[in-house]
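Colleague: I have the sequence and the model open. Can you walk me through the metals and the domains?

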Amino acid sequence: MILKYDLHSHSNFSDGKLTPTQLFQRAKNQQVTALALTDHDTTAGLLEAQTIAKSLNMQCINGIEISTTWEKKCLHILGLGINPQAPALVEGIAGLQSLRHERARKIALKLAKQKITGAYEQVVKNAGSSMITRCHFANFLLDAGHVPSFQKAFDNYLAQGKSAFVATEWVEMATAINWIQQAGGIPVLAHPLRYKLTASWMRKLLTAFKQAGGLGIEVVTGNNNAHEIHTSYEYAKKFALAASVGSDFHDPNNKWIELGRLAPLPTDIPAVWNLLSVAEE
Ligand code: AMP
Ligand code: MN
Ligand code: MN
Ligand code: MN
């Protein structure tokens, strides 16, 4: 059987629109054979994901996308093939959950200063037991009629430098890598080109990432073009990092990104799934 991997996706346990069950059903329809659920700072959806994957005869790779800080920048580190019960990881992400609540209060205060009230209460209500993310605020702003579209909520209020943006000290990148290692997982740098770093900052970052125990880098993502794939591939090769592939799927209404709709990985560098099978043995 031909294996089709998608190693980055979100469910409604963080800012995705679908339940883990709906997500895996959709992935199955897209001929994905192995899907990693990588919700932001939570592993709470993995039990449901494993159950549905089993019934669909698919592979579910236990994952997480951890919000980290390195040199004052927010970087996302994926942990693939993790044991969600590992104490270091469980304690670590509990801290991030409180941090997200604190940040949500601060975002709501900034909105209140602009006469947009009730954001915290509504966002907490809508998020339920899920991780609160900026997407929850974007939906609140949209539903309350403050912006004409989800994207405008980021453009006008929530994106870095905008009026309701709250700079947050997440966990240090090296600490997050350590949690992933202690959970038996593979640390992968998510969407490396989205941070808009210069080549010299990228080199500095990848040196630090390797030194901390980083093993993989996303080379193919849901919306990168051939040139961007090539740039990421060059970084993978230069820093001897395994190449990963993931759509970063959130929402079926986003027509640009689909589960499993991904360019093939270059074949002359190791793929991250080879490390995963080693980790699972
Ligand atoms: P958070 O981790 O709570 O800061 O939320 C980040 C999430 O918001 C990302 O994972 C994306 O799903 C989404 N996001 C971040 N920046 C933007 C943007 N400029 N436009 C649309 N969505 C964004
Ligand atoms: Mn997201
Ligand atoms: Mn991300
Ligand atoms: Mn993501």
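**Metals first, then domains**

Modeller: Along the chain, the donors of the manganese ion (ligand 2) follow the spacing D-x24-H-x209-H. Donors here are N, O and S atoms within 2.8 Å of the metal (3.2 Å for Na, K and Ca); water is not among the atoms, so sites may look incomplete. One caution: this is a predicted model, where local features need pLDDT of at least 70, side-chain atom pairs count only at pLDDT 80 or more, and totals for chains, interfaces and linings use all residues. Residues are numbered from 1 along each chain as its sequence is written, chains are lettered from A and ligands numbered from 1 in the order in which they are written, and side-chain values use heavy atoms, with hydrogens and water left out.

Colleague: Which residues are the protein donors of the manganese ion (ligand 2)?

Modeller: Asp15 (OD), His40 (NE2) and His250 (NE2), at 2.1 to 2.2 Å from the ion. Aspartate 15 sits in the loop between strand 1 and helix 1. Histidine 40 sits in the loop between strand 2 (34-37) and helix 2 (46-55). The two are 25 residues apart, and the pair links distant parts of the chain. Helices (H or I, at least four residues) and strands (E, at least two) are DSSP runs, numbered from the N terminus.

Colleague: And what holds the manganese ion (ligand 3)?

Modeller: Its protein donors are Glu65 (OE), His76 (ND1) and His191 (NE2), 2.1 to 2.2 Å away. In sequence they are spaced E-x10-H-x114-H. Glutamate 65 lies in strand 3 and histidine 76 in strand 4 (residues 73-80), so the pair ties together parts that are eleven residues apart in sequence.

Colleague: What coordinates the manganese ion (ligand 4)?

Modeller: His8 (NE2), His10 (NE2), Glu65 (OE) and Asp248 (OD) do, at 2.1 to 2.2 Å. The spacing is H-x1-H-x54-E-x182-D. Histidine 8 is in the loop between strand 1 and helix 1, and glutamate 65 is in strand 3, 57 residues apart.

Colleague: How far apart are the manganese ion (ligand 4) and the manganese ion (ligand 2)?

Modeller: They are 4.7 Å apart. From the manganese ion (ligand 2) to the manganese ion (ligand 3) it is 5.6 Å.

Colleague: New topic. How is the protein divided into domains?

Modeller: Domain 1 covers 5-85 + 173-279, and domain 2 covers 93-158. The bounds come from an automatic or database domain assignment. Their C-alpha centres lie 25 Å apart. The contact (heavy atoms within 4.5 Å) takes 13 residues from domain 1 and nine from domain 2.

Colleague: How much area do domain 1 and domain 2 bury between them?

Modeller: About 880 Å², 60% of it on carbon and sulfur atoms. Buried area is the accessible area (1.4 Å probe) that two parts lose on being put together, summed over both.

Colleague: How many salt bridges does the rule find across the interface of domain 1 and domain 2?

Modeller: One. The side chains of aspartate 41 and arginine 100 meet in a salt bridge, 2.8 Å from N to O. The rule wants a side-chain nitrogen of Lys or Arg within 4 Å of a carboxyl oxygen of Asp or Glu. Strand 3 (residues 59-70) gives the largest share of the side of domain 1 that touches domain 2, three residues.

Colleague: What's the salt bridge count by this rule?

Modeller: Four. One of them joins the side chains of lysine 17 and aspartate 251, at 3.4 Å, N to O. Those two residues are 234 residues apart.
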